[in-house]
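Reader: I would like to learn how to read contacts that involve aromatic rings, going from the general idea to the case in hand.

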Amino acid sequence: MDTLVTPEWLAAHLDTVQVVDATTFLPGTPRDAEAEFRAAHLPGAVRLDIGTFADPDAAAPHMLSPPALASQMLEALGLHRDRSIVVYDDSPLRTSARVWFTLRHYGARDVAVLDGGLARWKAGGHPLESGAPSPVPGHWPVAERTRPIVTKAMLLEEAAPPVVDARAYNRFMGEAKEPREGTESGHIPGARSLPFGELYADDGTMKRGADLEAAFAARGVDPHAPFTASCGSGVTACSSLLAAHLLGSDAGRLYDGSWSEWGADPDTPKEQGPPA
């Protein structure tokens, strides 16, 4: 299975893959992802709520859980680690990328993203279901090894690769107020800005090949060199990781706490203005 799949491909393989709705919105957005899922979702889909699929003991939002807890939550959704999974969303944040990363982090072997999400599925006239699913418990053995991530301590000790920030440029510059209360404006010192939206085409599909390489190059980022993906809360940063993966690189590492952790800590250094 390719990393990005089309609605036509998915429609032909619905009986052989597991489908996961990853839709999530920024705090304060006047949309209800759960209600929208119950009103209309892909046939057989279950919903992974990034907000609740999280470490309950972490101060920052939706941080990755300990592997044993993650396995319990994934099994409760009815997911099987060794079966193919396709993730989609209907969010301007392209939240499928976060769930794609999450499932791979916990050992999934074959995960794809529906390119263009629910909007493209609907545009193709493909069927939808309504209501809440009643999944049979799945099988997700605890991952013996998870994908390495970057922590705040590593960044403070300069023991992590250069930071690539996926937030909007005005947030990176410190010109826009952060959506989470108690979070300062600006960016991690030395970070580069690559707003995640620049990795996508106007129709919501991800750019490919030379166009994707050019999106990285325009911001002075080499997707084939080690980098730390960051954003507001570890969600849109995963678009950078997905895009690099499409270019044949898994050199990126996620800073899961991202700016919601860094910006809320009064003791962390912060910069405003353009990157050096």
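Author: What follows takes ring pairs, then charges over rings. This is a predicted model, in which local features need pLDDT of at least 70 and side-chain atom pairs count only at pLDDT 80 or more, while totals for chains, interfaces and linings use all residues. Residues are numbered from 1 along each chain as its sequence is written, and side-chain values use heavy atoms, with hydrogens and water left out.

Reader: How many aromatic pairs are there by the ring rule?

Author: Rings of Phe, Tyr and Trp (its six-membered ring) pair if their centres lie within 6.5 Å, and planes under 30 degrees apart count as stacked, over 60 as edge-to-face and the rest as tilted. By this rule the count is 3 aromatic pairs. One of them joins Phe53 and Tyr106, which is edge-to-face because the ring centres are 6.3 Å apart and the planes stand at 70°.

Reader: Are Phe53 and Tyr106 buried or exposed?

Author: Buried means under 20% relative accessible area, exposed over 50%, and partly exposed in between (1.4 Å probe, protein chains only). Phe53, at 8% relative accessibility, counts as buried, and Tyr106 is buried with a relative accessible area of 2%.

Reader: What is the geometry of the pair formed by Tyr169 and Phe172?

Author: That pair is stacked, with 6.1 Å from centre to centre and 10° between the planes. Tyr169 is partly exposed at 32% relative accessibility, whereas Phe172 is buried at 0%.

Reader: Which residue lies over the face of Trp259?

Author: A charge sits over a ring if NZ of Lys or CZ of Arg is within 6 Å of the ring centre and within 35 degrees of the ring normal. Arg167 lies over the face of Trp259, at 4.7 Å from the ring centre, and Arg94 lies over that of Tyr200, at 5.4 Å.
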